[in-house]
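Good morning, and thank you for making time for this presentation. I should like to take you through one structure, beginning with a term that we shall need throughout.

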2 protein chains.
Amino acid sequence: MSKLKGNCIIAQSGGPTAVINASVCGVIQEAMKHAEIEEIYGAINGILGVLHREIIDLRKESPRTIEGLKSTPSSALGSCRYKLKDEDYEAVMEAFKKYNIRYFFYAGGNDSMDTANRVNKLASEKGYELRVIGVPKTVDNDLPVTDHCPGYGSVIRHNAIAIRDAGRDTEAIGTTDKVKIFETMGRDTGWIAAGSALAREREDDAPHLIYLPERAVNIDKFLHDVQKVYDRLGYALIAVSEGLVGEDGEPLSASATGVDLDAFGHKQYGDVGGYLAEVVKNRLKLKARWEKPGTIQRVAMDRASRVDIEEAYLVGKTAVQKALEDKSGFMVTLVREKCQEYRISMGLVELEKVANKRKPVPAQFINEEGNDVTEAFLSYARPLIGGPLHPYVRLKKVRI
Amino acid sequence: MSKLKGNCIIAQSGGPTAVINASVCGVIQEAMKHAEIEEIYGAINGILGVLHREIIDLRKESPRTIEGLKSTPSSALGSCRYKLKDEDYEAVMEAFKKYNIRYFFYAGGNDSMDTANRVNKLASEKGYELRVIGVPKTVDNDLPVTDHCPGYGSVIRHNAIAIRDAGRDTEAIGTTDKVKIFETMGRDTGWIAAGSALAREREDDAPHLIYLPERAVNIDKFLHDVQKVYDRLGYALIAVSEGLVGEDGEPLSASATGVDLDAFGHKQYGDVGGYLAEVVKNRLKLKARWEKPGTIQRVAMDRASRVDIEEAYLVGKTAVQKALEDKSGFMVTLVREKCQEYRISMGLVELEKVANKRKPVPAQFINEEGNDVTEAFLSYARPLIGGPLHPYVRLKKVRI
């Protein structure tokens with residue numbers, strides 16, 4: 001087998017996660033095993049590092065540091081949300097040539113896969129021998145084809161823990177703080193909000209309602225739902241995705257200032273939780289509070305899913321193996337085997353098929369009323385958090 | 001020693017914490033050792049449970065459940081924020097007589113100590129033999145006299161973990177998300193915001209600025225501070241207390257709707273983080289986001305401080321011991337011994353001296369600029385979180 005010899009570069013892109021460094025660790029440790037890969041470089045702040053030639057030598061890091069990446073959250077190489085301009089692609093190619101980079105591993109989400117795809121195509125057009133493999137990463141879990149995305153299991157494990165705790169809190173102080181809105185990440189899809197259902201251990205446990213951007217929210221129906229839970233339990237905890245939309249198709253709460261647009265033209269939403277808490281206070285006259293863990297949900301290493309860490313490592317490792325099999329222009333995928341137990345194998349998909357595409361939560365995972373998830377979703381998501389939450393007790397409360 | 005014989009009752013009040021159940025566990029396990037204490041009752045939802053005679057028999061709970069309270073957050077008995085009316089005190093006394101309650105242990109903060117104090121006084125006036133001991137509990141850490149309050153070490157450990165993670169996140173994606181505001185709890189005092197300094201491991205680690213309600217915020221100075229950090233690092237993470245006030249003495253962001261007032265007449269503030277993020281966006285033209293973990297910071301059992309759990313248990317245990325020494329009308333205090341190592345002993349203070357009183361963060365714990373804490377604060381707070389955070393690695397980043 002004649003293999004391409006040269007240097008490799010790895011870069012991280014988009015929002016950090018608890019496990020994206022585990023993927024980088026997988027790439028580095030696998031790359032070190034193969035003589036075809038000479039130098040192992042890292043680009044600082046994603047593709048920007050290539051563009052600005054801010055490149056580091058990962059062979060200069062100690063094995064202990066590389067191994068420690070598995071238990072260090074966020075993007076150790078730095079990240080970016082930069083959309084390459086046409087002329088930038090030429091500059092990237094120049095840098096690759098200058099440093100004899102023949103293997104390019106890009107860890108990121110939908111936008112990053114677009115970047116990787118275009119780099120791959122340009123190399124091919126120019127006749128520059130290059131292997132490009134995308135390493136899937138997104139807490140949003142919205143990459144198509146792959147069963148799920150590294151980063152997702154950990155964010156929903158964090159939220160399952162946080163919502164179970166917040167639910168116990170609301171249950172205890174429901175005498176005063178009646179309604180709590182918990183705003184999860186998820187700008188375009190409701191995967192993260194859906195995952196909050198994993199906080200439940202018993203039927204009446206929080207979250208009592210879950211709303212996803214896949215279903216437009218009718219405020220009257222929402223208030224009716226909340227009142228119903230409140231009438232039954234005396235309190236309510238509601239998980240909502242930051243990207244909820246109203247029936248007019250507009251985000252329930254969109255911040256419209258210019259600096260809110262990122263380089264890909266996405267609006268940054270938020271404060272849906274604040275908006276809904278106000279609506280509950282004003283219309284239902286129930287004291288409501290809200291919380292928004294924000295980025296802490298995506299980089300919580302101590303709450304990361306064991307399964308997610310392992311899979312993130314594996315996709316990194318697999319990316320290198322596939323590149324050395326002369327594959328290029330693909331993203332590694334997680335393929336769930338059709339068996340009772342949870343088992344995953346590694347697959348590949350053309351970058352073309354995932355670039356800039358989003359997988360919404362499918363209809364069979366959302367209940368008919370659009371205010372909760374289904375059993376099918378729970379079966380899908382439960383293995384991803386890597387085991388049950390720490391056990392809590394509950395008093396029997398025998399009255400005298 | 002002639003000891004009062006009869007039943008005891010324990011109740012939990014105010015905001016839940018990660019360790020208030022450990023205090024209840026301490027009370028129950030200690031009470032079980034003493035023949036003078038016959039039945040061990042729990043009041044559902046604090047003093048409301050006594051008022052409405054919603055009382056449970058804690059001897060009916062299994063030893064395993066009682067022990068499990070140490071690792072279960074929130075208030076297992078339920079809580080309340082109910083200010084007793086004059087006529088309610090009579091009703092409480094009637095209930096105590098009816099159930100032969102001779103020992104009353106009330107776990108709570110400033111307001112709860114006022115309730116306990118008034119119950120104690122009324123019993124004394126009526127010639128009803130009763131021992132009342134307050135069990136300190138508040139994440140706010142603002143009870144006077146006691147060195148610190150059970151619940152505090154755990155909330156600041158949660159936030160140290162969350163802010164370290166959020167800081168790594170901002171450092172990685174600072175190319176896009178320049179400024180992050182992290183809103184901590186702390187309505188009246190800045191203890192929790194101050195504790196966020198424990199997230200730092202190196203000089204430039206987050207939080208880069210810390211603002212407490214003890215110092216009025218001048219927005220121009222605030223923006224100047226943020227810009228300075230941004231110019232140096234390229235990003236900034238700022239910890240702010242939810243109760244920040246402006247130079248006019250008004251909360252930076254007060255929600256003014258009627259249902260926001262709790263039974264003690266406290267206004268519920270919030271969204272200071274949102275307000276400051278907007279100011280940063282509009283005036284500095286830097287993309288800013290904000291997070292507000294809300295109640296999840298106070299009930300995060302998996303992030304609770306080992307020291308805090310132990311101390312919470314001990315104050316519960318000590319409350320029973322002191323009551324059996326015929327003490328009444330006191331709150332248990334944590335007394336820090338004057339030695340190099342961190343060592344705590346148990347003390348007592350008259351409820352009168354803590355009821356409705358608040359201990360602000362003292363001047364020597366706040367830096368001159370009013371945008372950070374001092375070394376003296378760090379020495380005070382560090383032992384409370386019960387050990388260092390889980391180690392993370394950092395790449396050396398040797399450029400090629």
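Two residues are said to be in contact if their C-beta atoms, placed from the backbone, lie within 7 Å. Helices and strands are DSSP runs numbered from the N terminus, where helices are H or I of at least four residues and strands are E of at least two.

This is a predicted model, in which local features need a pLDDT of at least 70 and side-chain atom pairs count only at pLDDT 80 or more, while totals for chains, interfaces and linings use all residues. Residues are numbered from 1 along each chain as its sequence is written, and chains are lettered from A and ligands numbered from 1 in the order in which they are written.

Let me turn to confidence. The model has an ipTM of 0.95 and a pTM of 0.96. The pLDDT, which is the predictor's confidence in each residue from 0 to 100, averages 94 in chain A, and 95% of the residues score at least 70. Residues 255–261 of chain A, however, have a pLDDT below 50; beyond near neighbours in sequence, this stretch has 13 contacts in the model. Where pLDDT is low, the predicted coordinates should not be read in detail.

Next, the domains. Chain A is divided into domain 1, covering 6–150 + 303–353, and domain 2, covering 155–297 + 361–385; such bounds come from an automatic or database domain assignment. Taken over C-alpha atoms, the centres of these two domains of chain A are 32 Å apart. Where they touch, 15 residues of domain 1 of chain A are in contact with 16 residues of domain 2 of chain A. The domain 1 side of that contact in chain A consists of five nonpolar, three polar and seven charged residues. In this classification Ala, Val, Leu, Ile, Met, Phe, Trp, Tyr, Cys and Pro count as nonpolar, Asp, Glu, Lys and Arg as charged, and the others, Gly among them, as polar.

How does helix H4 of chain A pack against helix H5 of chain A, and at what angle? H4(A), residues 86–98, meets H5(A), residues 110–126, at about 70 degrees, and their axes are 10 Å apart. Axes here are lines fitted to C-alpha atoms, for helices over the stretch in contact, and angles run from 0 to 180 degrees between N-to-C directions. H4(A) and H5(A) are therefore roughly perpendicular to each other; angles under 35 degrees count as roughly parallel, over 145 as roughly antiparallel, 65 to 115 as roughly perpendicular and the rest as oblique. H4(A) passes H5(A) in a right-handed crossing. A crossing is right-handed if the near helix is turned clockwise from the far one by less than a right angle, and left-handed if anticlockwise. From H4(A), Tyr89, Val92 and Met93 of chain A meet Arg118, Val119, Leu122, Ala123 and Lys126 of H5(A). This contact comprises six nonpolar, no polar and two charged residues.

In chain B, the axes of H1(B), residues 20–31, and H10(B), residues 306–324, come within 7 Å and cross at roughly 40 degrees. That makes H1(B) oblique to H10(B). H1(B) passes H10(B) in a right-handed crossing.

What of the backbone? A cis peptide bond, with omega about 0 degrees, joins A:Ala206 and A:Pro207, and A:Pro207 sits in the loop between H7 (191–195) and S7 (209–211) of chain A. In chain B, a cis peptide bond joins B:Ala206 and B:Pro207, again with omega about 0 degrees. A:Lys285, in the loop between H9 and S9 of chain A, has a phi near 55 degrees, a positive value in a residue other than glycine.

Finally, the two chains together. In all, 63 residues of chain A are in contact with 63 residues of chain B. Among the elements of chain A that give two or more residues to this side are S3 (55–57), H3 (63–68) and H9 (272–284). H6(A) gives the most, with eight residues. The chain A side has 26 nonpolar, 17 polar and 20 charged residues.
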